[in-house]
Each structure stands twice: as structure tokens, then as C-alpha cells.
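Work through each task with the structure open, then compare with the solution below it.

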Amino acid sequence: VVLEELTRDQPQVGDYWHLLGVTLAATGELKAAESALEKACRADQKPARACYQWGRVLQASGRHEAALQAFAAGPRGGI
């Protein structure tokens, strides 16, 4: 609930989206996690692992092409 409020009140903060996405993925809510992690990955100041986590959720959902694109959107030189 706290993370949902933070993302609603400050949607520009990528860290909040990242934390919400990871939490949703851990509880098996992959569709909701996918959306939150995409927002984190596309944020101006994206968390270092946001695109990687988004790619992992896409991969777990069987969307391998989209996962490769998400991985590519992350920082170069590592995860």
C-alpha cells in the first residue's frame, strides 16, 4: 500500500516504481509487476537494475523478444 501511494504521489521517481515492481513480481502478480518495472526502466533517473528486472518478468511471462529489448534498455556493461 505504501509503495502504491508513493508511485501515485510521485510518479516520476523510478526507485518507487522499481520497488513496487519487484514486490509485485515476488507475489506472482507479473502483469502488474511488468507495468511498474517498465515505468522504472523508462524513468529519467532509472534504478540500475530496473530494466534487468523488467526483462526478467517479461522472460518469465514467455515474452522473450520483449525481454531482450528491456535488457538492452538497461545500462551497458553489466547488470
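The model is predicted.

**Exercise 1**

Find the salt bridge between E34 and K31, and describe where its two partners lie.

*Solution.* Step 1: the closest N and O atoms of E34 and K31 are 4.0 Å apart, and the cut-off for a salt bridge is within 4 Å. Step 2: both residues belong to helix α3 (residues 30–42). They are three residues apart there, about one turn of the helix. Step 3: E34 is buried, at a relative accessible area of 12%, whereas K31 is exposed, at 63%.

**Exercise 2**

Which parts of the chain does the pair R63 and E34 tie together?

*Solution.* Step 1: R63 and E34 form a salt bridge whose closest N and O atoms are 2.5 Å apart. Step 2: R63 sits in the loop between α4 and α5, while E34 is in helix α3, so the pair links parts that are 29 residues apart in sequence. Step 3: R63 has a relative accessible area of 36%, which makes it partly exposed.

**Exercise 3**

*Solution.* Step 3: R42 is exposed, with a relative accessible area of 57%, and E38 is partly exposed, with 28% relative accessibility. Step 5: the count of salt bridges comes to three.

**Exercise 4**

How are α4 and α5 oriented to each other, roughly parallel or roughly antiparallel?

*Solution.* Step 1: the axes of helix α4 (residues 50–60) and helix α5 (residues 64–73) come within 8 Å. They cross at roughly 175°. Step 2: angles over 145 degrees count as roughly antiparallel, and α4 and α5 are therefore roughly antiparallel to each other.

**Exercise 5**

List the residues with which α4 and α5 meet, and sort the contact by class.

*Solution.* Step 1: from α4 come C51, Y52, W54, G55, R56, L58 and Q59. Step 2: they meet H64, A66, A67, A70, F71 and A73 of α5. Step 3: by class, the contact of α4 with α5 has nine nonpolar, three polar and one charged residues.

Technical notes
Residues numbered from 1 in each chain as written. Predicted model: local features only at pLDDT ≥ 70, side-chain atom pairs only at ≥ 80, totals over all residues. Heavy atoms only, no water. Axes fitted to C-alpha atoms, helices over the stretch in contact; angles between N-to-C directions. Helix = DSSP H or I, 4+ residues; strand = E, 2+ residues; numbered from the N terminus. Parallel < 35°, antiparallel > 145°, perpendicular 65-115°, else oblique. Contact = heavy atoms within 4.5 Å. Nonpolar A, V, L, I, M, F, W, Y, C, P; charged D, E, K, R; others polar. Salt bridge = Lys/Arg side-chain N within 4 Å of Asp/Glu carboxyl O. Buried < 20%, exposed > 50% of the residue type's maximum accessible area, 1.4 Å probe, protein only.
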